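Grab a pencil and work through these exercises with the structure open beside you. Try each task before reading its solution.

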Amino acid sequence: MRRRALLAGAALGSAALLAGCSEEPAASDDMDSAAGRTLLDKGARDSGALLARYDATLTAHPALERRLRPLRDEVARHVGAFTSPEATGSPSAAPSATASPSRTPERQRAPKVPGTEKKALTALAEAERHTADLRTAALVSAPPEVARLLASIAAAGAAHAYLLETRDEHDEKDGKNA
């Protein structure tokens, strides 16, 4: 009899443990889903602000078009990545990767752009670096799929900052040699 009670207790304990385990992932998935959506929304807003900065810089310094257009278009793709149906899990359409300045989110005010090209490039590099740092910090609390997206876009932002700064240094060296 004692053996049966022990087996019955073990079976009940196992069933309770399995029930607890099966409920845990569902609650965790909901939290991951909510946390993921929040991070995706923030990522879209941050990329939208960065896109507005690129657009304002291009408006203030049209001579930088050739240099900034590829980086600006990449930032527009980042907005699309954060808002795509794959990222959000919703059927809504993503914005165009080559969104025009007029498609920049209306709630984004055009940032103030420094008067010289060099200072404008420095401001863009600082904005890219700051945004990349925010995304890197968010990795700790991000669900796996969102973390991969954040890491990828943070790396791209860090590369943009590097390119904006490095090219400026090369331009200065070329000017000294001329």
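**Exercise 1.** Find which residues of the largest nonpolar core touch the most other members, keeping in mind that this is a predicted model.

*Solution.* Start with the core itself, a set of 15 residues. Now look at who touches whom: Tyr-54, Leu-68 and Leu-164 touch the most other members. Next, ask where the core residues come from. Helix 2 gives the largest share, with five residues.

**Exercise 2.** List the residues that Tyr-54 touches, skipping those up to four places away in sequence.

*Solution.* Take them in sequence order. Tyr-54 touches Leu-68, Leu-71, Arg-72 and Val-75, among others. Further along, its partners include Leu-124 and Glu-128. His-160 and Leu-164 are on the list too. Once you're done there, look for a second, separate core: it has 11 residues, including Ala-44, Ala-142, Ala-147 and Ile-153.

**Exercise 3.** Describe the protein chain as a whole, from secondary structure to surface.

*Solution.* Second, check burial, taking buried as under 20% relative accessible area: 34% of the 178 residues qualify. Third, turn to contacts between residues at least 6 apart in sequence; 74% of these join residues at least 24 apart. Last, the surface: the chain exposes about 11200 Å², and carbon and sulfur atoms supply 58% of that area.

Methods
Residues are numbered from 1 along each chain as its sequence is written. This is a predicted model: local features need pLDDT of at least 70, side-chain atom pairs count only at pLDDT 80 or more; totals for chains, interfaces and linings use all residues. Side-chain values use heavy atoms; hydrogens and water are left out. Helices (H or I, at least four residues) and strands (E, at least two) are DSSP runs, numbered from the N terminus. Buried means under 20% relative accessible area, exposed over 50%, partly exposed in between (1.4 Å probe, protein chains only). Contact means heavy atoms within 4.5 Å. Accessible areas come from the Shrake-Rupley method with a 1.4 Å probe; for residues, only the protein chains shown count as cover. A nonpolar core is a set of buried Ala, Val, Leu, Ile, Met, Phe, Trp, Tyr and Cys residues joined through side-chain atoms within 4.5 Å.
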